[in-house]
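Dear colleague,

I am handing over the structure below for your reference. My notes on what was found in it follow directly after.

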Amino acid sequence: MEKQRGIIEIVTEKVWKFFSSVKLAVILLIILAIVSVVGTVIQQNEAPEKYLQEYSQSTIDIFEILGFFDMYHTWWFVLLLFLLTANLAVCTLERFPHTWKIVTTPIKPIEEDDLKALLFKKEVTLKGGMDKAEARAAQTLAAHRFRFSESRGKGTVQLITQKGVFSRFGVYITHVSILLVFIGALIGAFFGFKGFLNLPEGTARKIVYLRNEPLFNKILSSLGIAESSTQWSPEAGMPFMPLGFNVQCDNFDVEYYVNPAGLPTGMPSEYHSTLSVFDMNGQKILDKRIRVNDPLTYHGITFYQSSYGAIPDVPGKVFLNIRQKNAADKGDVVVIDLGKSTYVPSIDRTIKFLGFASYGMRNPSSGQVVLYRSENDEYINPAVQLEVYKGTKPIYKTEILKIDQGAPSLPENYTISFIHYGGTRYTGLQVTKDPGVWVVYIGFILLCIGPIIAFFGSHKKLWVRIQDRKGQMTVTVAGSANKNRLGFEREFNKIVDEIAK
Amino acid sequence: MKSSLLFNIATLSYLTAMVLYISYLAFRKKGVGLTASVVTYFGFGVQTVALLRRWWESYQMDIGRVPLSNLYESLVFFTWSTVLIYLIVEYHYKTRVFGAFVLPVAFLALAFINVAGISSDITPLVPALKSNWLFYHVLVSFLGYAAFGVAFAVCLIFLLTDMTDRGSLLNLSAALGTLIVLTPLGYALSSMGGSAKTIFWIGLGVLFLAWVVYLAVAGAGNKKQVYLFWSLCVTLSVGLLIAMGVDYLLFRSIASAESFQKHMFESTFLNPSVFVRFTAWAAVVMMFALVWSQGMKLKNKFKQYNLSPDLLEEITYKMIAVGWPLLTGGIITGAVWANSAWGTYWSWDPKETWSLITWFIYAIYLHSRYVRGWKGTQMAVIAALGFLSVIFTYLGVNLVLSGLHSYGGMN
């Protein structure tokens, strides 16, 4: 028994020593820097067909074994990150007690022997009494913002002071912040997920498809401890899980920048979806218009505007605003399916929705509208064609652009504004849950502060010893700084000059 | 005054300052140095006004956005930050020697923009870029890049003054031999496409890194190799600028970043004509030989200025100590922004990964002083390598590798 423990102890000590060296940190950083390059040269997580275009089958096989197609998630890359983290943690634990001791131990009066070891020391002689010399020294230190304590001996006085002790923690703040980022990333991987949802306009869903399942859930279910909260969807070829609520896309649209003439250019300025959240009983809880950079979060699950697309062969519907001229109210909103008609009581007319075009162009002189299809059928300057009936008798046909907003005058005493054409597209939502993100963010904040303290703070110590040598005051100034020695040298010399003055 | 006119004045000031700083380096006339500083301060002031003015102009145009988002603006801002950091160093360390190296970079970047006619239009932002984080992200990153740029210039001077001799012609021939063998091999394999190309580039990268690791570990003992590395760094930075300049001159009508990406180096190293390609590479090889053979003369020039190795090391360290937290801030703001836009703060796209690689390299530099036996030479090699990585992060990734940062819209 005795011997075995010895071996364990030796091994533990060796492992501890191995992990506590700066050399290991440097070696790991070198390896990480080198291997990270590979994943930027080879495109990650592409479709197999794409790789076949680029590489031969034998190369693909080799890359596959090495995990080069999803390199940053291979066991060996993650292991490297783990080693670096372990190294950081052990280094911190190894060195921190020593630093703590330095910080908490009060600074002592200097002995003759210690003086020899100090890089900065100078001696000056002052006339006048001890009190005068002491006052001068005290004044100088105060002027340089050093708070000092006094120590009196026989025929000697020492002013002892230090500044910037806290800067010794800078390196630990930096290292702990990196540990926090790593821990936060782990929490995210274990308890969070990344998924997506393509929501057609006007529909609701209660599930989300997962690109990354929560690892914790995966482990538990594979061990048979708990039932998996995810299920496999054969048609999507990926797992999905219930959201616990319903999310609905009320509306999706793309806004475009307009040129000086007020016409939309093809350059998108904003993608936005209006999402509504319903509980499982169909009770509406909230809604929000999300944009890129402005997501919706509910119950820790966040929905990001990520993409959109057309749903082929679906007839759309138009949302019109119809308002009596000179009326005080905002008018009525009417929804008409493509090819269908609706009776509008407020104007006693029936409106038929004849057609939609993704780009309508109005001839400025004749007022004629020509309907086009824009590239990829993007709704850049959408227009609708309507026919208005009195009873069953057609009165007139008109084309209305979305940008008109009631501007073109119609033959009768009301305006029709084209609000939205919907139902033909879906909004692509990125759906994520990351309970670790706050830990990561705290790490980020510390990571901003730590290096600044570490690099620009400096632990400075100063001793001013005044000795009475037969009426002549010998003042010895000595000091040390753990960082920025050139800067300290300047300050030190200044202090000595001011005392000697 | 329009911002473009102000930018032109700034460019001219930097040109004048560049000439003055180089003459100061050559002739050591104090008045010349002082004039150089004054002209630089003036140019910097004008450029600051121009940047603010451009910001204001964008509001006039109802677009209202920070002037930091396209290739034109990022180059202008990079120049501005570099000059700012340089002026701080000049003021703090009371030496004007480095101006001869920093100002040419500032001038070339600005001249480049003018000559190339990179579109200076204030264009609206795509939705993904509409975020307050854009401002902080770009600001912090570029200030960091600029600090690293100054560190690069200073550490190259350190490496040069640290050299004892350049070694025999054998060293040069070995280096040139390697280049001459690798180049046709690279072309041949690249034309085969796919696997061969990727493997060649990965192989070349690993070879280069192995060499640099060797220099970092055993550099002090083999200064002739370090001198080759120095020559390579100088050739690379100057050669890249020239090659891109030629590209711009020939494709000046193509202004968008996207097509620029497509045509990168097509006028030189990737020209369809074998003759032009050969000439371009021959020019690089000759430049390398020239730098290698003339470097020692430059060293003697520096000797007159009594730049102590300690001072050069300290400035390099300080600049990296300034740049590294800024780079960290750049990565962090980018991550926070990505999280608000896409729901992931880290997705290992090439730009992110390369900024992390740069971060690793400078982290190695910062820790290397605590590793026994690592001294100035090795640390300077790492510092230089760090900036090569910065250049790649800034230009190479946008131009060569694809990813989220090519701003291709959504998804």
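I begin with a pair of strands in chain A: strand 12 (residues 317–324) and strand 13 of chain A run antiparallel and are joined by six bridges. Within this pairing, A:Ile322 has A:Asp332 in strand 13 of chain A as its bridge partner. Please note that the model is a predicted one.

Both strands belong to an open sheet of three strands in chain A, ordered 13-12-20 and paired antiparallel. Strand 13 (332–337) and strand 20 (414–422) of chain A each have a single partner strand and stand at the edges, so one side of each has no neighbour in the sheet. On average, neighbouring strands of this sheet are turned by 25° against each other, direction ignored.

Chain A as a whole

The secondary structure of chain A amounts to 11 helices and 23 strands. The mean pLDDT of chain A is 87, and 98% of the residues score at least 70. Among the elements of chain A, the highest mean pLDDT, 94, belongs to helix 8 (residues 170–191) of chain A, and the lowest, 78, to helix 1 (residues 2–19) of chain A.

The radius of gyration of chain A is 37 Å, whereas a compact globule of 501 residues would have one near 23 Å. The C-alpha trace of chain A spans about 125 × 70 × 50 Å along its principal axes. Of its 501 residues, 29% count as buried. When contacts in chain A between residues at least 6 apart in sequence are considered, 63% of them join residues at least 24 apart.

The five-stranded sheet of chain A

A second open sheet in chain A consists of five strands in the order 1-23-22-3-2, with antiparallel pairing. Its edge strands are strand 1 (120–126) and strand 2 (148–153) of chain A, each of which pairs on one side only. Neighbouring strands of this sheet are turned by 15° against each other on average, direction ignored.

Strand 22 (residues 460–469) and strand 23 (residues 472–481) of chain A pair in the antiparallel sense over 10 bridges. Helix 7 (residues 130–143) of chain A touches strand 1, strand 2, strand 3 (156–163), strand 22 and strand 23 of chain A, and its direction makes about 170° with that of strand 22 of chain A. Helix 11 (residues 485–500) of chain A touches strand 1, strand 22 and strand 23 of chain A, and its direction makes about 165° with that of strand 23 of chain A.

Strand 3 of chain A is joined to strand 22 of chain A by eight bridges, and the two run antiparallel. Here A:Val157 has A:Ile466 in strand 22 of chain A as its bridge partner. Strand 2 and strand 3 of chain A are antiparallel as well, with six bridges between them; A:Ser149 is bridged to A:Ile160 in strand 3 of chain A. Strand 2 and strand 3 of chain A form a hairpin with two residues between them, and A:Gly155 in the turn has a positive phi of about 70°.

One residue in strand 7

A:Gly244 is located in strand 7 (residues 238–258) of chain A. It counts as partly exposed because it has 13 C-beta neighbours inside 10 Å. A:Gly244 and A:Phe278 are separated by 34 residues in sequence and by 9.8 Å in space, C-alpha to C-alpha.

Chain B and its contact with chain A

On the side of chain B, 46 residues are in contact with 47 residues of chain A. Helix 7 (194–218), helix 11 (309–342) and helix 12 of chain B each supply at least two residues of the side that touches chain A. Helix 11 of chain B gives the most to that side, with 12 residues.

Helix 12 (residues 350–368) of chain B has 19 residues, which should span 27 Å at 1.5 Å a residue; the end C-alpha atoms are 26 Å apart, in agreement.

Helix 5 (residues 132–162) of chain B has 31 residues and reaches 45 Å from its first C-alpha to its last, close to the 45 Å expected at 1.5 Å a residue. Helix 5 of chain B is likewise largely enclosed by the rest of the structure, because 25 of its 31 residues are buried.

With kind regards

How values were computed:
Residues are numbered from 1 along each chain as its sequence is written. Chains are lettered from A and ligands numbered from 1 in the order in which they are written. This is a predicted model: local features need pLDDT of at least 70, side-chain atom pairs count only at pLDDT 80 or more; totals for chains, interfaces and linings use all residues. Helices (H or I, at least four residues) and strands (E, at least two) are DSSP runs, numbered from the N terminus. The expected span of a helix is 1.5 Å times one less than its number of residues. pLDDT is the predictor's confidence in each residue, from 0 to 100. Two strands pair if DSSP finds at least two bridges between them. Axes are lines fitted to C-alpha atoms, for helices over the stretch in contact, and angles run from 0 to 180 degrees between N-to-C directions. The radius of gyration is taken over C-alpha atoms; the globule rule is 2.2 Å times the number of residues to the power 0.38. A residue is buried if 20 or more other C-beta atoms lie within 10 Å of its own, exposed if 12 or fewer, and partly exposed in between; C-beta atoms are placed from the backbone. Two residues are in contact if their C-beta atoms, placed from the backbone, lie within 7 Å.
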